[in-house]
Amino acid sequence: MLTKRIIPCLDVKDGRVVKGIQFESLRDAGDPVELATFYDEQGADELVFLDISASYEGRATMEDVVRQTAAKLAIPFTVGGGIRTLEDMKRILRAGADKVSINTSALEQPTLIQEGADYFGSQCIVVAIDARFCEEDSTWMVYTHGGRNKTTWRAIEWAQEAVRLGAGEILLTSMDRDGEKTGFDLALTKAIRDAVTVPVIASGGAGNAEHFMEVLQQADADAALAASIFHYKETSVAAIKAYLHNKGVCVR
Amino acid sequence: MKIGIIDYGMGNLFSVEQALKRLGINAVITANKEQLNSMDALILPGVGAFPDAMKRLQETGLASFIQSTKKPLLGICLGMQLLFEESDEVTTTEGLGIFSGRITKFTNAPRIPHMGWNDLQFAHMPNWLTTLQEERFVYFVHSFYAKDIKPEELMAFADYYDVQVPGIVAKNNFTGMQFHPEKSGQFGLFLLQQWLEGVKKC
């Protein structure tokens, strides 16, 4: 039986791992390659690297990080951040990443999803969606630029459009929950999960093992992603998996 | 031991190369048939669409080379699917025909692709595999699978909704793995290492 996946996310800036609370007040939490290997040994099912470097030099460093990680890691990993063209995808995938994740660039230029899927296959193309509930729209809307800019897309419709264009997976982040550690947004996750046929990774709000169980069982997410609770050793991938296993969730 | 990775312009050769490196093997990546012929064993990797892959194998003459080779050959993911008779992907396309059966899309699965870690169950042991580890999860990512295959050629499978997904197939010198052993953690490396041990004995 296919297992549910636990995915640590590493925010990388200029070659170092950082994580912000609600995308502010960044703290340095270590060397990406070392952390990646550590998570692999802990039983992480996959890893996501999010490159938040603002400069060209920072992004060039990311390519080195990808290459070094690929040489050491025996599990799949995804790279997102700063990928705007098919050439960027080629650069990162050839450096050894298994998938690329696109967010703002996919909204600005939806054909990028199609180009990537045609060239590498859908399994390589993850579309990341940052969603926040809007009272005036009575639904979740898609945001860009770390949650600052609201788009005209409803999250459910954008997820469907992304899959139609060739996305092989949706990485769904709740901007309402991100950094809060109060649990994943179950309603949002369930809504997207029911709207598309590709796997959905839930992100934003993980604070403890129970939160993982809720999103994987009740909202039926295919995978759950978290960053800070792993980096600051508040809990471990191994501890969460042991908990899930005891609660009857199928994990590796 | 010399291992050749068949380079026909499809997919991520880097991760297979890296996995072999971890097992102490410096593989040669090439499309040159003479060079491939000087190897002890071959790996046919591949990510992408079946028709494109077959077209490239035919244009380069690698299709007939693979069909006639007596060397141990391991096909991974699309590389395994290419060893079958035919595929429905995009348009009906003839494969290399080493294994009986066809490559067809999941129809009833609510989630496509079949992506993630699944438990490998063994029906038979391939001739290169003598022992097994307790943990048998491997990483799959695919939307098509091998159907109507000969039971004696099916070594291991994984359950995905109503389908028994062939995970390892084997026949004579040919082995196919639908999952990615190079991405399947310690167990994946163990399977690769066992296959390499088998090559040594040939």
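A disulfide here is a pair of cysteine sulfur atoms within 2.5 Å. Keep in mind that this is a predicted model.

Q: How many disulfides does a search of the whole structure find over all chains?
A: To count, a pair of cysteine sulfurs has to sit within 2.5 Å. C9(A) is in no disulfide, with the nearest cysteine sulfur, that of C124(A), 18 Å away. C124(A) is in no disulfide either, and its nearest cysteine sulfur, from C77(B), is 9.9 Å away. Over all chains, the search comes back with zero.

Q: Is C9(A) buried or exposed?
A: The cut-off for buried is under 20% relative accessible area. C9(A) comes in at 7% relative accessibility, so it counts as buried.

Q: What is the relative accessible area of C124(A)?
A: Anything under 20% goes down as buried. C124(A) is buried because its relative accessible area is 8%.

Q: Where in chain B does C77(B) lie?
A: C77(B) isn't a glycine, yet it has a positive phi of about 55°. It's also buried, at a relative accessible area of 7%. As for its place in chain B, look in the loop between β4 (73-76) and α5 (78-81).

Q: Are α1(A) and α2(A) roughly parallel or roughly antiparallel to each other?
A: The axes of α1 (residues 32-42) and α2 (residues 56-72), both of chain A, come within 9 Å and cross at roughly 30°. Angles under 35 degrees count as roughly parallel. That makes α1(A) and α2(A) roughly parallel.

Q: Which residues in α2(A) meet α1(A)?
A: On the α1(A) side, the residues involved are P32(A), V33(A), A36(A) and T37(A). By class, the contact has four nonpolar, three polar and one charged residues. The partners in α2(A) are V65(A), Q68(A), T69(A) and K72(A).

Q: Which residues does E153(B) touch, not counting residues up to four places away in sequence?
A: E153(B) is in the loop between β11 (144-147) and β12 (154-160) of chain B. At 6% relative accessibility, it counts as buried. Its contacts are F99(B), S100(B), I168(B), V169(B), A170(B) and K171(B).

Q: Leaving aside neighbours within four places in sequence, what is A159(A) in contact with?
A: A159(A) is found in helix α6 (residues 155-165) of chain A. It counts as buried, since its relative accessibility is 0%. Outside its sequence neighbours, A159(A) is in contact with I129(A), I170(A), I192(A) and V196(A).

Q: What is omega for the cis peptide bond that joins I112(B) and P113(B)?
A: P113(B) is in the loop between β7 (99-105) and β8 (114-119) of chain B. The bond that joins I112(B) to P113(B) is cis, with omega about 5°.

Q: Is D220(A) buried, partly exposed or exposed?
A: D220(A) is in the loop between α8 (209-218) and β12 (223-226) of chain A. Its phi is near 60°, a positive value in a residue other than glycine. Buried needs under 20% and exposed needs over 50%. With a relative accessible area of 30%, D220(A) is therefore partly exposed.

Technical notes
Residues are numbered from 1 along each chain as its sequence is written. Chains are lettered from A and ligands numbered from 1 in the order in which they are written. This is a predicted model: local features need pLDDT of at least 70, side-chain atom pairs count only at pLDDT 80 or more; totals for chains, interfaces and linings use all residues. Side-chain values use heavy atoms; hydrogens and water are left out. Buried means under 20% relative accessible area, exposed over 50%, partly exposed in between (1.4 Å probe, protein chains only). Axes are lines fitted to C-alpha atoms, for helices over the stretch in contact, and angles run from 0 to 180 degrees between N-to-C directions. Helices (H or I, at least four residues) and strands (E, at least two) are DSSP runs, numbered from the N terminus. Angles under 35 degrees count as roughly parallel, over 145 as roughly antiparallel, 65 to 115 as roughly perpendicular and the rest as oblique. Contact means heavy atoms within 4.5 Å. Ala, Val, Leu, Ile, Met, Phe, Trp, Tyr, Cys and Pro count as nonpolar, Asp, Glu, Lys and Arg as charged, and the others, Gly among them, as polar.
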